[in-house]
Amino acid sequence: MSSSSGKKTPKWRPAAWDDEQRMSVMMAPFRPRSLNPHAYEGRLNFWRNVIHDWCKDKRKISYTIDELREAFKRNGTPKWRPAAWDDEQRMSVMMAPFRPRSLNPHAYEGRLNFWRNVIHDWCKDKRKISYTIDELREAFKRNGVRPACLTTVVAELQREGVVKRPSEIQRAEVNPYRESWVSWGWGLAKTGASWAYSWTYGNEGSPLPQVSASEKFLNLELLDELATTIRDKELRPDMEVIVSKRNLMERHRLTESTADLILGRLWSQGVVVMKEVQDPQAQEPQHAIKFRKAQEASVSPISQEEETVFKLQSLKAQVEDNMDKMQRELESCRVEAKALLSQNSTSTPSRGKLKARQLLVKKQRLEKRLQEQEKILANIHVMEDTIGETGTTQAVVSAYAKSAQALKVALKDVSPDNIQDTLDEIADVMKDAEEIQEIIGTPIRPQMADDDAALEAELDALVAEEEERGKMEQEEKEKMEEQDRERELEERFQRLKVPEETPSPPSKVTQAPEPIPS
């Protein structure tokens, strides 16, 4: 079957894949089964068949959710795909085998840089640090045609130091979570930051190394980049963080091999320590990862108490997962029983009622188990709180012990008798000081008191003399004022006299003189 664009349709793709309306429903998040059990089962069967056919077509037995999301992506251009990917003429040149560099060095370098960038962006988008040439050929297949130049590209990258074989880094085949987790870390620490730049000094004249299409190669530039990203996200300024390897892989979308490589790089930098935690109830051991504080240069080993807390957290996560599954199964039993009872089948009504009864019995068993799981979860919370309080109590007791030791050192030469003697000495010193002050206030000459009396008498005489002088000045002032008043009256009297002119006959009536104003 072929699509209208001429591209070959994958065998696993269903007929409804090009139906935009239906696929928009199929690719949307699921709604609760209870709202529409029939539609829920229909969508579930659709994806069950698609995943089965895809695995059969790819001959894959295992897969991750991220792989499925990428495989079933519709109408989306991958982030790693360059702008020239749809240029048929240019891509036919890019995907052809390389010609010798000596014929056209400029074109050779251009094609090499093109594929170097495409491979790096593809690894970054897929969060893959290791790959094989076969994987690259499958990922970069266009219209059913695989690139014929990737063997030369990977060989050039290896000669430049951009990629390395695992055997060139790994120094020993050891369990990565035991005492020698330097399986990757030791080699990565030795090579250091020079990986990303060693290609600058590569010898272009040296022959290309022989590479196999099935062997793995490590992208060291991306390894360092992802390690730095995870370090910055996980470090906390005030505490050391302990997480499980599985949880770290889920949060950062890492495969197990990629996670091991990144943790090896972080171990070589002193950012993390790892420990394999044995759990008798678990089929496989748990891997505890401890990150240092952001401002510190190293991280302390995982203690017994931290290991206990890690086990409790793992157990709590397992119990919570079980409770979620039980809750979903319980709800499914209730919905299915209700659907059976609501069917108006006249042929076998008793059979539907019997199945509904069996589902309700199963529901009751699940409810009982769910209650038991809730009690277990409550006990785990109590143990976590108790351990946390124990750690706080130990810190307090340790602080008390250190304070008591410091007080002992500070009071080593101090006793009640010494303190009493010191206080007595202080009292004697204060008494001597008072006597000294009294002596200092004693007059230097004995006759100083007689001198004070004479000075006082002389001062009184001066005051009396000043008072007498003031009295005399007041009397003199009053006398002058009296003379001034008399002189003024005399002048006024003179102005009142009649001037001497021709005498007039005496009048018969004599007028009384004008009274002189007082």
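**Note on the predicted model**

1. Over residues 1-6 the pLDDT is below 50. Where pLDDT is low, the predicted coordinates should not be read in detail.

2. This is a predicted model, in which local features need pLDDT of at least 70 and side-chain atom pairs count only at pLDDT 80 or more, whereas totals for chains, interfaces and linings use all residues. Residues are numbered from 1 along each chain as its sequence is written, and side-chain values use heavy atoms, with hydrogens and water left out.

3. Three strands form an open, antiparallel sheet in the order S1-S3-S2; strands pair if DSSP finds at least two bridges between them. Strand S1 (130-131) and strand S2 (163-164) are the edge strands. S2 is joined to strand S3 (residues 217-219) by 2 bridges, and Leu218 in S3 is the bridge partner of Lys164.

4. Tyr131 is in contact (heavy atoms within 4.5 Å) with residues including Trp122, Leu136, Val163 and Phe217, leaving aside neighbours within four places in sequence.

5. The stretch of residues 171-203 calls for caution. Its pLDDT stays under 50, and the model has 63 contacts for it beyond four places in sequence.

Notes. Helix = DSSP H or I, 4+ residues; strand = E, 2+ residues; numbered from the N terminus. pLDDT = per-residue confidence, 0-100.
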